[in-house]
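Visitor: I have some questions about this structure. Could you take them one at a time?

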Amino acid sequence: MRKFILINLFFLFTILGCTSTSVKVATIRIKGSDTMLHLTDLLAQEYMEQNPGISIYVDGGGTAAGVRSLIRGEVDICSASRNLEPEEVKLLADIFGSIGISYLIAKDGLCIYINENNPVKNFTQSQLKDLFTCKIINWKEIGGPDKPVSLIVRNPNSGTYLYFKEHILEGGDYCDNTLIGLTTENVIDIIKKNQYAIGYGGVAFKSEIELAAIDNILPTEENIRNDKYPITRYLHFYTRTQPTGAVKDFIDWVLSPKGQSIIKKNGFVSLFEINY
């Protein structure tokens, strides 16, 4: 009888041991773009539900902060709303012998946010440059009311801040007469309370704020996917080297129809057409 019990205990522990090893256990750490923070968190939550044993920690702080954490080896993935800068690529190469691996996970339109009561609904790229460099300081100069312009910009750690500077200001400097919104939500909140404020951010927030046209082109999904909208960009995941294991599986899943459908539901533009 005792022998029978011992044999059964042996088989029980064997089964439990096999069961525990069949579940992949891994931790993935992601940090970076505030524009992508809510999206990345949704992707992580959905992936963890489908893959027990995988823990994904998501943090924001801006693209620049994410890149620094990636270079220091603190995270597995940097979420970024811009390309890496040359000095960032050099640091990666010097430390890891790799210039980093970039994955395009979605498209975004860098949108111009205005208050719903602002009568100016369309801007040329030249007007936007003049606004954010303070060459235009009153709305009446571009067909609006005789009111001073209130400029809201993202913080300098933001990839969106740098992208706007490179593509609209053509590398020039923002003027000093600006108010910094620490997050996209902060920018939107300020503009909602100020009829004469103007700022910018991602298209995923379109339900919360009015979006202006640029050169008579609105940031619709079709215009962004076809690059018709003037300031269309890709959103990235960056890794130091070629990913393996759970990190590779997660990125592959994000690029799959399931991951892309979540991206579309979140308000960004999927890399390919998604039919629900």
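Visitor: Is S256 buried or exposed?
Guide: The model is a predicted one. S256 is found in the loop between helix 9 and helix 10. Buried means under 20% relative accessible area. The relative accessible area of S256 is 19%, so S256 counts as buried.

Visitor: Which residue has its backbone oxygen 2.5 Å from a polar atom of the S256 side chain?
Guide: A polar contact here is a pair of N or O atoms within 3.5 Å. The side chain of S256 has a polar atom 2.5 Å from a backbone oxygen, and that oxygen belongs to W253.

Visitor: How far apart in space are S256 and I105, C-alpha to C-alpha?
Guide: In sequence, 151 residues separate S256 and I105. In space, their C-alpha atoms are separated by 9.8 Å.

Visitor: Which cysteine is joined to C134 by a disulfide?
Guide: The count comes to 1 disulfide. A disulfide is a pair of cysteine sulfur atoms within 2.5 Å. The S to S distance is 2.1 Å in the pair that C134 forms with C175.

Visitor: Where in the chain does C175 lie?
Guide: The pair links distant parts of the chain, 41 residues apart. C134 is in the loop between helix 5 (125-132) and strand 7 (150-154), whereas C175 is in the loop between helix 6 (159-167) and strand 8 (178-181).

Visitor: What is the handedness of the β-α-β unit made by strand 1, helix 2 and strand 2?
Guide: Strand 1 (residues 26-32) and strand 2 (residues 54-59) run parallel and are joined by 6 bridges. Among the residues involved, A26 has I54 as its bridge partner in strand 2. With helix 2 (residues 37-50), the two strands make a β-α-β unit that is right-handed.

Visitor: Which residues does N266 contact, leaving aside its neighbours within four places in sequence?
Guide: N266 lies in the segment after helix 10 (257-265). With a relative accessible area of 13%, N266 is buried. Leaving aside neighbours within four places in sequence, N266 is in contact with H38, L39, L42 and A204.

Note on methods
Residues numbered from 1 in each chain as written. Predicted model: local features only at pLDDT ≥ 70, side-chain atom pairs only at ≥ 80, totals over all residues. Heavy atoms only, no water. Helix = DSSP H or I, 4+ residues; strand = E, 2+ residues; numbered from the N terminus. Buried < 20%, exposed > 50% of the residue type's maximum accessible area, 1.4 Å probe, protein only. Contact = heavy atoms within 4.5 Å. Pairing = 2+ DSSP bridges. Right-handed = clockwise from strand over helix to strand, strands pointing away. Polar contact = N/O pair within 3.5 Å; in protein donor to acceptor, adjacent residues only side chain to side chain.
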